[in-house]
Amino acid sequence: MPDIEGMKEAKRYYLDIPPRSEPFFLKGSQHLDWGMQNRLSRIFRPETGRTVMLAIDHGYFQGPTTGLERIDVTILPLLPYADTLMLTRGILRSQIPPTFTKGIVLRASGGPSILKELSNEQIAVDIEDAIRLDASALAVQVFIGGEYETQSIHNMTRLVDLGTRYGIPILAVTAVGKDMARDARYFRLACRICAELGAQYIKSYYIPEGFETVVASCPVPIVMAGGKKIPELDALTMAYNAVTQGAAGVDMGRNIFQSDAPVAMIQAVSKVVHELMKPKEAFDLYQTLRHEQPEA
């Protein structure tokens, strides 16, 4: 027993200071559990509310995509500049050093290859394995308008239930159905359905007309998909337009790892996303870094 005789009352309760209650920084995420908010904070930078996700999961249906033939050679040098990696568990275990401590978004749906109907996906990762890998989020493809639309939505809702149970956010990835026009009307429909059914954030494409209405009508964060490879200045312009119209960052793959200078490109993209650097200025930075840091 401690000797309490003669002890001076030293406790301070700071009665003059109101209790601190800080709102969570992400749209639509205020009422999520602590663990889920913590995982989202690994994906999105709290100081900007945006993310640069590096998507390298293409091989799950395309095989060795150009630029991803050797992950250890082409992707590992990019890791210091990415906020988050989006990838499969096979590549995570076999190629990514466990010293990587940023966000991991694990591809959780799959099945068909490019030789078959792509919308016929199933859940491809057990929630226990996602926990074992310390995933920050699970990504699932949703094919609104596709042949297996309902199945893909059920894949997502099953993962939402499991993710809610264990505190893991679900990223719904919108895939354009064959018979749907790639316009604001389609993406408002697709993104809203995913949010209504529980996805914590959504990956969707940028469109020149009406993208801000897609963001406004979606109650959770939208991250812009990079899409096919386009010239560097065009990709930087697309990223700038997306974030200034409300996107919570970008998820780029081919426009980074298929660039002539991937390390320079990901740094330029990060400047656009987090500092709202103008596209021409970011392209100049890309050119400077490209010559300072020659690519292998």
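D134 sits in a loop, the one between α5 (127-132) and β6 (137-142). The model is predicted. In it, the phi of D134 is positive, near 60°, although D134 is not a glycine. Most residues other than glycine have a negative phi. D134 counts as partly exposed, because its relative accessibility is 43%.

With 37% relative accessibility, L276 is partly exposed. A positive phi turns up after a helix too: G167 follows α6, and its phi is near 80°.

Now look at α6 itself. This helix runs over residues 149-166, which makes 18 residues. From the first C-alpha to the last, α6 reaches 26 Å, close to the 26 Å expected at 1.5 Å a residue. Which residues of α6 are buried? They are S152, I153, N155, M156, L159, V160 and G163. These residues cover an arc of only 150° around the axis, so they lie on the same side of α6. An α-helix has 3.6 residues a turn, so residues three or four places apart point the same way. The other side of α6 has exposed residues, D161 and R165. What covers the buried residues? The cover includes helices α1 (34-43), α5 and α7, along with strands β5 (122-123), β6 and β7 (170-174).

Helix α12 can be read the same way. It has 14 residues. Its reach is 20 Å from first C-alpha to last, close to the 20 Å expected at 1.5 Å a residue. Buried here are P279, A282, F283, Y286 and L289. Look down the axis of α12: the buried residues fall within an arc of 125°, so they line one face of the helix. On the other side, K280, H291 and E292 are exposed. The cover over the buried residues of α12 includes α9 (232-244) and α11.

Next come the rings. How many aromatic pairs does the structure hold? There are seven. One of them joins F24 and F25. F24 is buried, because its relative accessibility is 16% and the cut-off for buried is under 20%. F25 has a relative accessible area of 29%, so F25 is partly exposed.

Another pair is formed by F187 and Y205. The ring centres lie 6.2 Å apart, with the planes at 50°, so this pair is tilted as well. F187 lies in helix α7 (residues 184-196), and Y205 lies in strand β8 (residues 201-205). The pair therefore ties together parts that are 18 residues apart in sequence. Is F187 buried or exposed? F187 is buried, at a relative accessible area of 0%. Y205 is partly exposed, at 22% relative accessibility. R182 lies over the face of Y205, 4.3 Å from the ring centre.

Turn to strand β10 (residues 249-252), where D251 is placed. At 2% relative accessibility, D251 counts as buried. Which side chain makes a polar contact with the side chain of D251? It is that of K203, at 2.8 Å. Leave out residues up to four places away in sequence, and D251 touches M53, L54, A55, M86, K203, V223, M224, A225 and G226.

What surrounds it? Setting aside neighbours within four places in sequence, P221 is in contact with L26, K27, F44, Q200, Y201, I202 and A248. L79 gives a sense of distance: P221 and L79 are 142 residues apart in sequence and 23 Å apart in space, C-alpha to C-alpha.

Definitions and conventions. Residues numbered from 1 in each chain as written. Predicted model: local features only at pLDDT ≥ 70, side-chain atom pairs only at ≥ 80, totals over all residues. Heavy atoms only, no water. Phe/Tyr/Trp six-rings, centres within 6.5 Å; stacked < 30°, edge-to-face > 60°. Buried < 20%, exposed > 50% of the residue type's maximum accessible area, 1.4 Å probe, protein only. Helix = DSSP H or I, 4+ residues; strand = E, 2+ residues; numbered from the N terminus. Lys NZ or Arg CZ within 6 Å of the ring centre and 35° of its normal. Polar contact = N/O pair within 3.5 Å; in protein donor to acceptor, adjacent residues only side chain to side chain. Contact = heavy atoms within 4.5 Å. Expected span 1.5 Å × (residues − 1). Arc of directions from axis to C-beta.
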